[in-house]
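Trainee: Hey, could you walk me through this one? I'm new to it and would like to get my bearings.

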Amino acid sequence: MTFQERIDSDLKEAMKAREATRLGVLRMLKAALKNAAIEKHGVSGQLDEAEAIAVVRKQAKQRQDSIESFEKGNRSDLAQKEKEEMEVLNQYLPKQLGGAELTQLVAAAIAEAGATSKAQMGAVMKLLQAKAAGRADGKALSQEVQRQLP
């Protein structure tokens, strides 16, 4: 089952179960996936798994930004709604790296790149982006690299 077939299947299940929040998120996600496919491959194009996950990650990032904005504005009701939507999106993302795994991955990338200072951070980040393959946020990777490099 492809990623988009899984979304379609889950969309039908959400309709049958009358799960309004999940249904809304999946409809939005399906539209975002279709728009990305048209943008990259034309009207009849399909996204591969990595491209589809990137779209989901982008949607989750938008929710995270909204949550932060709503919490700053003391709108906990809207922040809660965004959190619920983010939980649905997180079901379609790969498992995120934990703190120890992230530290090990960064240390290995620094050793592989032979980096000795923060001036070489770009080379380390390039390696990390490929190795993490979406299992870690770029901001978290960057902070860990800065922490480990002298």
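This is a predicted model: local features need pLDDT of at least 70, side-chain atom pairs count only at pLDDT 80 or more; totals for chains, interfaces and linings use all residues.

Trainee: At what angle do the axes of α5 and α6 cross?

Mentor: They cross at roughly 130 degrees, and the axes come within 9 Å. For orientation, helix α5 covers residues 99-113 and helix α6 covers residues 121-132.

Trainee: And is that crossing left-handed or right-handed?

Mentor: The crossing of α5 and α6 is right-handed. On the α5 side, the contact is made by Leu105, Val106, Ala109, Ile110, Glu112 and Ala113. From α6 come Val124, Leu127, Leu128, Lys131 and Ala132.

Trainee: How many nonpolar, polar and charged residues are in that contact of α5 with α6?

Mentor: Nine are nonpolar, two are charged and there are no polar ones.

Trainee: Okay, new topic: loops. What is the phi of arginine 18?

Mentor: Phi of arginine 18 is near 55 degrees, a positive value in a residue other than glycine. You'll find arginine 18 in the loop between α1 (3-17) and α2 (20-41).

Trainee: Is arginine 18 buried or exposed?

Mentor: Arginine 18 has 75% relative accessibility, so it counts as exposed. Now look at asparagine 74, which has a positive phi of about 55 degrees although it is not a glycine.

Trainee: Where does asparagine 74 lie?

Mentor: Asparagine 74 sits in the loop between α3 (49-72) and α4 (76-90). Its relative accessibility is 70%, so asparagine 74 counts as exposed.

Trainee: Are arginine 22 and aspartate 10 buried or exposed?

Mentor: The cut-off for buried is under 20% relative accessible area. Arginine 22 is at 18%, so it counts as buried. Aspartate 10 counts as buried too, at 11%.

Trainee: What other salt bridge does arginine 22 form?

Mentor: Arginine 22 also forms one with glutamate 19, where the closest N and O atoms are 3.3 Å apart. Glutamate 19 is partly exposed, with a relative accessible area of 34%.

Trainee: Got it. Which residue does lysine 81 meet in a salt bridge?

Mentor: Lysine 81 meets glutamate 85, at 2.8 Å from N to O. Both residues lie in helix α4, four residues apart, about one turn of the helix.

Trainee: How accessible are lysine 81 and glutamate 85?

Mentor: Lysine 81 is partly exposed, at 43%, whereas glutamate 85 counts as buried, at 11%. Salt bridges that share partners join Arg63, Lys81, Glu82 and Glu85 into one network.

Trainee: Thanks, I'll look for those in the viewer.

Methods
Residues are numbered from 1 along each chain as its sequence is written. Side-chain values use heavy atoms; hydrogens and water are left out. Axes are lines fitted to C-alpha atoms, for helices over the stretch in contact, and angles run from 0 to 180 degrees between N-to-C directions. Helices (H or I, at least four residues) and strands (E, at least two) are DSSP runs, numbered from the N terminus. A crossing is left-handed if the near helix is turned anticlockwise from the far one by less than a right angle, and right-handed if clockwise. Contact means heavy atoms within 4.5 Å. Ala, Val, Leu, Ile, Met, Phe, Trp, Tyr, Cys and Pro count as nonpolar, Asp, Glu, Lys and Arg as charged, and the others, Gly among them, as polar. Buried means under 20% relative accessible area, exposed over 50%, partly exposed in between (1.4 Å probe, protein chains only). A salt bridge is a side-chain nitrogen of Lys or Arg within 4 Å of a carboxyl oxygen of Asp or Glu.
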